[in-house]
Amino acid sequence: MRKLSKVLFAAGVVLGVGLQAGTVFAADPIKIAMVVKSSGNKFFLAAYDGAKEAAKEMGNVNVTLTGPTTPTAEGQIEIINSLIAQKVSAIVISANDPDALVPIAKRAMQRGIKVVSFDSGIAEGGRAIQLNPSDSALVGTKLAALASDAAGGTGDIAVLSATAQATNQNLWIGELKKALATSQYSKLKLVATVYGDDQTDKSYREAIGLLRSHTNLKVIVAPTAVGITAAAKAVADEKKIGKVYVTGLGLPSELERHVANGSVKSFAIWNPVDLGYTATWMAYQLVTGNAKGNLGEKIPAGRMGGIMIGPRKEAVMSEPFTFDSGNIKKFATIF
Ligand code: RAM
């Protein structure tokens with residue numbers, strides 16, 4: 001490929017057709033870099049499966065996956081710096097901080113790189129589009145409903161989140177609090193919010209801390225795939241199954257055994273494969289000029305159809321789907 005593009009470039013110069021350095025030739029693959037919150041998080045491995053599926057459909061696209069070992073903005077800034085040097089065509093990113101990434105993302109965009117954030121957004125100035133898996137208010141009310149079901153409508157609940165700066169978790173927790181303030185959930189009391197930083201060990205320790213310091217606790221709500229699994233293990237290890245339930249957002253593949261042993265009754269999530277697939281298609285349409293990312297525009301995203309760009313240049317996918325012992329098996333093999 002490289003050799004071919006050099007040949008074509010030389011031909012362009014010889015023929016004097018005004019080709020410029022950096023021109024993308026048909027033979028030069030479009031490079032799309034997926035940058036995730038942290039490596040090793042299964043949610044993002046599923047999103048990357050979707051990205052690869054999209055790249056296959058597009059043809060001449062090379063998609064890669066990177067992420068810092070721990071979910072920090074600093075780690076992602078370093079990665080974006082290197083992607084700018086590599087002259088990728090697009091960055092598809094789940095951000096560890098809405099604001100800290102704006103300057104580096106702006107720099108990338110000034111160099112012609114299309115930036116699409118998905119899952120956890122960058123503030124509007126630092127990306128062309130933000131793709132939300134679901135409407136944040138819907139996620140918040142879903143979390144409240146799940147917590148209420150698990151608690152039997154009344155009692156103390158606590159939140160175990162990812163990092164304190166995560167755009168998505170903070171939005172969802174904000175909406176959960178709004179839902180808890182309504183009369184429907186007046187008997188649920190939020191007694192603590194702690195952060196496991198989307199690290200298994202820290203999430204586990206924080207969950208143990210909640211269980212030991214809040215003896216009346218009925219539910220841990222973890223709106224993170226890493227946190228919910230760690231919390232479920234903590235409940236079993238502390239012999240609290242049947243007394244404390246874990247719910248939130250997680251992967252059927254990771255939670256199947258925790259649903260089977262009773263530490264989780266039900267939880268919710270959207271399809272991370274579809275999320276990564278759609279974000280990658282959107283980035284591709286921006287790179288090829290098929291889309292601009294303007295308000296009201298419908299961006300074609302393969303099998304997902306046209307995705308509408310809404311206010312603040314955000315697009316929204318589907319409603320969170322609820323899983324329990326009745327349907328988890330079917331999905332546990334997919335994500
Ligand atoms: C974790 C990440 C991700 C979130 C999922 C539900 O894997 O924090 O951002 O969307 O959980």
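Mentor: Taken over C-alpha atoms, the centres of domain 1 and domain 2 are separated by 28 Å, and the domain bounds come from an automatic or database domain assignment. This is a predicted model, in which local features need pLDDT of at least 70, side-chain atom pairs count only at pLDDT 80 or more, and totals for chains, interfaces and linings use all residues. Residues are numbered from 1 along each chain as its sequence is written, and side-chain values use heavy atoms, with hydrogens and water left out.

Trainee: Which residues does each domain hold?
Mentor: The assignment gives 31-131 + 272-318 to domain 1 and 136-269 to domain 2.

Trainee: And how much area do domain 1 and domain 2 bury between them?
Mentor: About 1100 Å² is buried between domain 1 and domain 2, with 54% of it on carbon and sulfur atoms; buried area here is the accessible area (1.4 Å probe) that two parts lose on being put together, summed over both.

Trainee: How many salt bridges are there between domain 1 and domain 2?
Mentor: The count is 0 between domain 1 and domain 2, where a salt bridge needs a side-chain nitrogen of Lys or Arg within 4 Å of a carboxyl oxygen of Asp or Glu.

Trainee: Switching topic, what surrounds the ligand?
Mentor: The residues around the ligand include K37, N41, F43, F44, D119, N168 and W172, counted as near if one of their heavy atoms lies within 4 Å of the ligand.

Trainee: How far is a side-chain N or O atom of K37 from an oxygen atom of the ligand?
Mentor: That distance is 2.8 Å for K37, while the side chain of N41 has an N or O atom 2.9 Å from a ligand oxygen.

Conventions. Polar contact = N/O pair within 3.5 Å; in protein donor to acceptor, adjacent residues only side chain to side chain.
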